[in-house]
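Student: I have a model open here and I am new to it. Could you walk me through it?

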There are 2 protein chains.
Amino acid sequence: MQRTSFGDMACSIARTLDVVGEPWSPLILRDVWVGMNRFDQIQADLGISRKVLTERLNHLVDRGILDRRPYDQRPRHEYVLTPQGTELLQLLMVMVAWGDRWLAGEAGPPVLYRHHGCGEISHASLSCAHCGAPMPPGDIDLLAGPGAAQ
Amino acid sequence: MQRTSFGDMACSIARTLDVVGEPWSPLILRDVWVGMNRFDQIQADLGISRKVLTERLNHLVDRGILDRRPYDQRPRHEYVLTPQGTELLQLLMVMVAWGDRWLAGEAGPPVLYRHHGCGEISHASLSCAHCGAPMPPGDIDLLAGPGAAQ
DNA sequence: AATCAGAGTTCCCTAAGGGAACCCCAAACT
DNA sequence: AGTTTGGGGTTCCCTTAGGGAACTCTGATT
């Protein structure tokens, strides 16, 4: 489709999209997260075309999000999250929180999250990494950073 | 490209992708967030094809993320975030945090976030909406919810 | 009347996704 | 030994979405 590459933009949103912004990628990460580590498992679960799944897995491995490792003498591998990939799960958690809130409808959320810390069903919300207080989008000023484009 | 629709899956990640998962959509929201509210502004800033921008804007308006409103007697409109759209910015903030951490490189992050609450340069991290403690992805149990597929 | 500017349309071309069939390889039957 | 099985992909063709440039429409403005 001769798609524009986002990787070269001076924008961390665009750069992140360059890694996991392609169709299916977040869903593949979700599957790996919940223990579907093998090609055929993921393919069957998502109903994704095998061709596209191959492309996405290769891309995620290339970008350091997934690790491909053998689990048998035969040429069999499974995919696991790298530390970088594990941190990406935060993005999925926020998507879940938003989707649960606005799109779950009558039936309610398809999956519930229980927080180990307090043992309660909950969801993710954003807080300031510095002071720990809530940090909604409106409570932020944007300033040019060192990597800003000229 | 006869793309599979994610909207019907019993998964809040897939449903959220159905709203903002298409190429460019998060970047369009970012632009609107920082005050680029008009078609030509966004088009010039992103370098997106006008055709695709039209499609994306219509989709985001249809899904209740943006509001299209006139600002002149002439047929001129600008796009603003709805409450639903404003909450989606959390997703962008997490993308920024991740991209800043893993992809900013030597130059450092292109944009800095200052939190109103504490006045410090910071970034978003996830906490439990129930108890307020940090909630990394590993500290969560997933349980079937009421809207789970059979 | 002619021009202008914002906000799209239209058209063509290329490339990406879907889908089904096919392939490769090591192990496990028979 | 020969065949089957099953994971993990390739290959091929078809359709459709994105890129890009040109064109249009509509009220101002000159």
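This is a predicted model: local features need pLDDT of at least 70, side-chain atom pairs count only at pLDDT 80 or more; totals for chains, interfaces and linings use all residues.

Student: OK, how many residues of chain A are in contact with chain B?

Tutor: In chain A, 73 residues are in contact with 73 residues of chain B. Several elements of chain A each supply at least two residues to the side that touches chain B, namely helix 1 (12-20), helix 2 (25-33), helix 5 (83-103), strand 3 (111-115), strand 5 (124-128) and strand 6 (140-144).

Student: Which of them gives the most?

Tutor: That is helix 5 of chain A, with 17 residues on the side that touches chain B. By class, that side of chain A has 44 nonpolar, 20 polar and 9 charged residues.

Student: And what rotation superposes chain A on chain B?

Tutor: A rotation of 180° with 0.0 Å of shift along its axis does it, and the RMSD is 0.1 Å. That is the relation of a two-fold axis. In chain A, the C-alpha nearest the axis belongs to Leu126(A), and it lies 2.5 Å from the axis.

Student: Why do you say the copies meet through the same surface?

Tutor: Because 100% of the interface residues of chain A are also interface residues in chain B, the copies meet through the same surface.

Student: Switching to strands: which strand of chain B pairs with strand 6 of chain A?

Tutor: Strand 6 of chain A pairs with strand 3 (residues 111-115) of chain B, in the antiparallel sense and over 5 bridges. To find one of these bridges in the viewer, look for Asp141(A), whose bridge partner in strand 3 of chain B is Arg114(B).

Student: Now the inside. Which residues have the most contacts in the largest nonpolar core?

Tutor: The largest nonpolar core has 70 residues, and those with the most contacts inside it are Leu91(A), Val94(A), Leu91(B) and Val94(B). Leaving aside residues up to four places away in sequence, Val94(A) touches Ala124(A) as well as Gln90(B), Leu91(B) and Val94(B).

Student: Is helix 2 of chain A mostly covered or mostly open?

Tutor: Helix 2 of chain A is mostly covered, with 8 of its 9 residues buried. Among the buried ones are Leu27(A), Ile28(A) and Leu29(A), and also Arg30(A) and Asp31(A). Just after this helix, Gly35(A) takes a positive phi of about 100°.

Student: What does Ser127(B) touch?

Tutor: Not counting residues up to four places away in sequence, Ser127(B) touches Ser125(A) and Ser127(A) in chain A, and Gly132(B), Ala133(B), Pro134(B) and Met135(B) in chain B. By contrast, the C-alpha atoms of Ser127(B) and Leu92(B), which are 35 residues apart along the chain, are separated by 16 Å.

Definitions and conventions
Residues are numbered from 1 along each chain as its sequence is written. Chains are lettered from A and ligands numbered from 1 in the order in which they are written. Two residues are in contact if their C-beta atoms, placed from the backbone, lie within 7 Å. Helices (H or I, at least four residues) and strands (E, at least two) are DSSP runs, numbered from the N terminus. Ala, Val, Leu, Ile, Met, Phe, Trp, Tyr, Cys and Pro count as nonpolar, Asp, Glu, Lys and Arg as charged, and the others, Gly among them, as polar. Two strands pair if DSSP finds at least two bridges between them. Copies are superposed by least squares on the C-alpha atoms of residues with pLDDT of at least 70 in both. A nonpolar core is a set of buried Ala, Val, Leu, Ile, Met, Phe, Trp, Tyr and Cys residues joined through C-beta atoms within 7 Å. A residue is buried if 20 or more other C-beta atoms lie within 10 Å of its own, exposed if 12 or fewer, and partly exposed in between; C-beta atoms are placed from the backbone.
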